[in-house]
Amino acid sequence: MNKIIKKTRLAENVTEYVISAPEVARHAHPGQFIILRVDEDGERVPFTICDYDSKAGTVTVLVQEVGYSTIKLSQIPEGGFISDFVGPLGNPTDLSEFKNILLIGGGIGAAVIYPQAKALRAKGMPSDVIVGARTASLLMYEKEFKAAAKNLYLITDDGTSGVKGFVTDELKRLAATNKYDCVFAVGPMPMMRAVCALTAELKIKTVVSMNSIMVDGTGMCGGCRLTCGGKTKYACVDGPEFDGHLIDWDEAISRSRIYREHESRHRCMLTGEER
Ligand SMILES: Cc1cc2nc3c(=O)[nH]c(=O)nc-3n(C[C@H](O)[C@H](O)[C@H](O)COP(=O)(O)OP(=O)(O)OC[C@H]3O[C@@H](n4cnc5c(N)ncnc54)[C@H](O)[C@@H]3O)c2cc1C
Ligand code: FES
C-alpha cells in the first residue's frame, strides 16, 4: 500500500499526486515511469515520474482523468492509500549528446517534459520550452516551467493563454532563428507525429516519449509493441523514448485506439450513464 501524501488540483482535469514510495524515489531518473493499481482489483496504469525526492521518499505524478482508473484514483482523498506502485520502469532519458534542446509538451505531455527541463537547468544548460494545451484551464506547471526553462512559450488552440495556435506553429517560428540540435516532444500521438513531420523537414533530430497501451510494463505481454526503424520494439523496455523520425505513426496511432470502444463503455458504467 502506498500513501497519497499530497494531492493538488492543477488544471481542469489534471491532479498532482505526491505518493510515498521510498524505493522508487531512491532509484528514479527523468524519463522513467511507474505502474500503479488503485485497488487490488484495479487495472495497471502507467504514469511518468514527474518529480521525486529521495530524502522524503516520495514520487510525484500528474494524472489526467480520462477514464475508469484515473477517475477512481481522483476519488481517493489526500492521506488515503493506493494498492501498489511499481517502478521505476523504462529507460532514463539520455540527451547528453545535445547542446541546444527544445522541449515541447502538449496537454499531459507537460508532465513528461518537466523533469527534463529541471534536469537540463541543473546541468547548467537550460532549454527553451513550448507548452501547449487546448485552452488556458488545461495548462499546468507554468511557475515551475518558468523557473526551469531558458524561455517558456505558452500556446493554446483558442488563444485564451499565450499565443493562439498549435505547438508546431511556435516550433516553426523558433526554429527560424534558433539552431536546435534536438527537439524532445511529448503529447498526444497526432501531435508528436505532426512535430516529427516538421522536424524531418527542418532536419532536427527528434526524440518522442511513446504513451502506448501498457499492461505488464516488463516486455512480456506485447501490449506496447510498436515499429521503429522497421524493427519491432516494446515501449516499456526499449523506451519509452524513441527517435520520432523512425516511428511507424499509422500503426502506433491505430494500436493506441484498439480498446477505445471498451473503455468508453467502462467509463459509462462508472458514472451510471447509458451510452
Ligand atoms: C509510459 C507512459 C507514461 C504515461 N504517463 C502519463 C502521465 O504522466 N500522466 C497521465 O495522465 N497519463 C499518462 N499516461 C497515460 C495513462 O496511462 C492513461 O491515461 C491511463 O492508463 C488511462 O486509464 P483509464 O482507465 O483512466 O482510462 P481508459 O478509459 O482505460 O482509457 C483512456 C485512454 O487512455 C489510454 N490508456 C488506457 N489504458 C492505458 C494503459 N494501460 N497504458 C497506456 N495508455 C492507456 C488510451 O489511449 C485510452 O484511450 C502514460 C502512459 C504511458 C504508456
Ligand atoms: S507493457 Fe507489456 S510488453 Fe510492454
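This is a predicted model: local features need pLDDT of at least 70, side-chain atom pairs count only at pLDDT 80 or more; totals for chains, interfaces and linings use all residues.
Residues are numbered from 1 along each chain as its sequence is written, chains are lettered from A and ligands numbered from 1 in the order in which they are written, and side-chain values use heavy atoms, leaving out hydrogens and water.

**Stop 1: the two domains**

Colour residues 2-89 as domain 1 and 101-209 as domain 2; these bounds come from an automatic or database domain assignment. Their centres, taken over C-alpha atoms, lie 24 Å apart. Where they touch, domain 1 brings 16 residues and domain 2 brings 13, with contact meaning heavy atoms within 4.5 Å.

**Stop 2: the interface**

How much area do domain 1 and domain 2 bury between them? It is about 1200 Å², with 61% of it on carbon and sulfur atoms. Buried area here is the accessible area (1.4 Å probe) that two parts lose on being put together, summed over both. Now pick P30, C50 and L62: in domain 1 these lose the most area to domain 2, together 34% of what that side buries.

Next, show the side chains of D51 and K118, which meet in a salt bridge at 3.0 Å, N to O. The rule for that is a side-chain nitrogen of Lys or Arg within 4 Å of a carboxyl oxygen of Asp or Glu. Across the interface of the two domains, the rule finds one salt bridge.

**Stop 3: the sheet**

Switch to cartoon view and look for an open sheet of five strands, ordered 5-6-2-1-7 with antiparallel pairing. Strands are DSSP runs (E, at least two residues) numbered from the N terminus, and two of them pair if DSSP finds at least two bridges between them. At the edges sit strand 5 (51-53) and strand 7 (81-82), each pairing on one side only. Select strand 6 (residues 58-64) too: three bridges join it to strand 5, and the two run antiparallel. One pair to click on is Y52 and its bridge partner in strand 6, V59.

**Stop 4: T48**

Finish at T48, in strand 4 (residues 45-48). Which residues does T48 touch, not counting those up to four places away in sequence? They are Q32, F33, T60, V61, A111 and V112. Draw a distance from T48 to T60, twelve residues apart along the chain, and the C-alpha atoms come out 8.8 Å apart.

Definitions and conventions: Helices (H or I, at least four residues) and strands (E, at least two) are DSSP runs, numbered from the N terminus.
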